[in-house]
Amino acid sequence: MNEKKRLQLDNIKVRFGGTVALDGVEFSVAPGEIVALIGENGAGKSTLMKVLSGAVIPNEGSMTLDGKPFSPRNPEEARHRGIAMIYQELSLPATLTVQDNIFLGMELSKSCFGSNWILDRAKMHSAAETALKELGHEIPLNTLVRDLSISDQQLVEIARARAVGCEVLILDEPTSSITRQDVQRLFTLMRNLKAQGHSIIYISHFLEEVEEIADRFVVLRDGKTVGGGKIGETTRDEIVALMVGRQLTDLYPKSKHQFGETLLELTSLVGEARLRSASFQLRRGEVLGIFGLVGSGRTDLIRSIFGLDSIKSGEVKIGTYSGYATPTRRWSQGIGMVSEDRKGEGLATTRTIAENLVLSYPQSCETSGVFSPSKMLATANTWVEKLSVKCRTSEQNIGELSGGNQQKIALARLLHHGVDVLLLDEPTRGIDVGSKKQIYEQIDNLACSGKAVLMVSSYLPELLGTCDRIAVMNRGKLSEPKCIEELSEHSVMMEAIA
Amino acid sequence: MHRRVVGTLSDDGSNRMNKQIKDWINKLMPLAALILVYLTFAIIAPPSFISLKNLELIVRQTTIVGIASLGMTLVIIGGGIDLSVGSIVALVTVAIAWLLMAGCSPLVAAFGGVLTGLLCGFINGALITRLKLVPFIITLGTLLVYRGCAKGLAHEQKIDAPLSWINELLAALKPEQGWMLVPGGVWLLVLLAICVALVLRYTRFGLYTFSIGSNEQASRLCGVPIEKVKLLIYSISGLFAGFAGLMQFSRLTVGDPTVASGLELDVIAAVVIGGGSLAGGEGSVLGTILGALIMTVIRSGCTQMGLSNWVQEIVTGIIIVVAVVLDRMRHSQKTQG
């Protein structure tokens, strides 16, 4: 540890009331280094990032930046000292232009009659252009941010950080919602920044990506630093073992599934927007995977089946029902859906676990037409126990849980409803390895008990690990599903980007 | 600043106890505020303020806002807003007077008035769900439409109506009616409040109202019949504005198309002081009633002290902002565990 450190954290502790969120974190990053911060959801990564960006003030411990004490009281101060945070959910004002976003909060002005509240648009224009060029990309500066793809928005965020001279960049799960090509573009950019001597802290669930881009990794568990090391000197299994504190033997439990009659049948389905054609049959006891890049139309497919988006032509046949139906009807036809967007669409985050769980099927908690809150709690408690959801009580707001535990409840809703066909859109996005394993187990159990599962994912290994057949979505067209034995990671990816 | 506990909490007893105590404190906040405001005036206002007679007056004066704010509680929990309630109240008073003048019995007139309110609310709900426009715009429009209807129906003047039992609903009790404790209108408020509270807790509709207010997309995904629920919410709001209009008529004894202008703001304020969130998904009947009482107590206290109307308005305005600030503070505590 004799090399020069840009940022150094010692024994950081954070408590919220009686809860210990961080319990002695050691962390450092040097100039020109990319350090990956990994850990399960709830391990304390987000809290640590908030400490660095000044959103949370630690109760104990010390931080130094370039050898000087560093204790930001708010995000502005952290930014001023050169630390920029780029959140997983991008936080740019969508109706402002790229240029305005880059300079938001630190606009350049020209002095006029001794005051300086007149914006110097020309100067900002050229500075923004330089910042983006420096990153090796060109985005028209007068584009509205809402018209940009997520990866372009990331670029704008990075340009925004660079424009004020931030030298420490924190990227929180930057690749979770961008396409493979964009990931490569981002990585090239990160390598350039690194070559220029900037420090990057990279948070990700994707170990492959960590291995590809990072120099070093640090693992957090239960609010503590439990290990770390140089990439290349540690095997993936060892990293995973550090993350979960136990050896994760078989992530994908796969039993032999018995297929029955067809439950869901699509005949050249065409949606309103991206979906151009999709046909398949999903049988009882089968797990069918849909692989596609972001924007390929895979989410549109699921939404059209479930009645959230309208159908232009083609047919959806569920059991004996055919044609379009509203989500309300779909539930009663025995089909349920888990959304990819937990916060926006999946859960009512300001309501309790119990309410979220029974929302699709409150009838189950009624006695002769009267809704019974105590019955609802009892129901919720059973599921909380069955899926080992970590929470204080099922009357807790679901927004307070970690992503993995929220997702378990989102899935439990379908289990409680007892639907026959489950549409799962990115069921493991942004959740920790432990919860992932549990969800894979549930999916396997469901198939064994004769349910049909349609699973959409942009994470190929999990599809190959859990599905019986896989179809690929490419520019709105769904390929013929193929048996898993005939497929390899390489062949599926080729089909998706062809 | 947005602070949240990331991670999971262990289920230890003391933590849960603390949480329960905190929950109770949160629930009792509006009550504490009411007591505080009352005691303050009890000290600084003349002794007549604490007389039983004044207490009864406060309760009677709360009735109109109180009844209308019960409907608004549902609307706000459901993530919406209803700006048209003041105009509905005026239209209802005119409708009742018009029916009485046309020779209807008081019962029929009262019934007709309340139905007018229900119809107005139904129209609001239908427009909001069919046109898929935000409730603010729709009800801003109907605020003018219903007010205009009231003025047109009344030819822009007050409609006199014969006295009937309707006028006793909100009048001070006669000595021989002492057994009623408070006038019929106040009992109606109590009854409706209990009904709404029960509906919110013990019906599917109540659960749906909360969930739509918390996250409409998630509710849609769960198969909640959003259009139907919203239609019902706004219809109920209209129905309650109808009852409020009946009370308003009882107090005025005439049909007045210009009455209750700006009432919607008092009604919204009552819900918000009582812990309702304009972002939806939060609010309670008890809180709303306490919120409505707080506003009347301030008004009554100021009147007793001989303070002008403008002072009351300033004080009420400050109370609204303070209430919401306190609410925000206790929320950030809640999310911090």
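Helices are DSSP runs of H or I with at least four residues, numbered from the N terminus. This is a predicted model, in which local features need pLDDT of at least 70, side-chain atom pairs count only at pLDDT 80 or more, and totals for chains, interfaces and linings use all residues. Residues are numbered from 1 along each chain as its sequence is written, and chains are lettered from A and ligands numbered from 1 in the order in which they are written.

**View 1. Helix α4 of chain A, end to end.** After α4(A) comes G136(A), with a positive phi near 80 degrees.

View 2. M124(A), A128(A), A131(A) and L132(A) are the buried residues of α4(A) (buried: 20 or more other C-beta atoms within 10 Å of the residue's own, placed from the backbone; exposed: 12 or fewer). They cover an arc of only 90 degrees around the axis, so they sit on the same side of α4(A). The arc is taken from the directions from the helix axis to the C-beta atoms. On the other side, A122(A) and K133(A) are exposed.

**View 3. Around I96(B).** Not counting residues up to four places away in sequence, I96(B) touches A109(B), A110(B), G112(B), G113(B), L246(B), F249(B) and G255(B). Residues touch when their C-beta atoms, placed from the backbone, lie within 7 Å.

Notes. Helices (H or I, at least four residues) and strands (E, at least two) are DSSP runs, numbered from the N terminus. Two residues are in contact if their C-beta atoms, placed from the backbone, lie within 7 Å.
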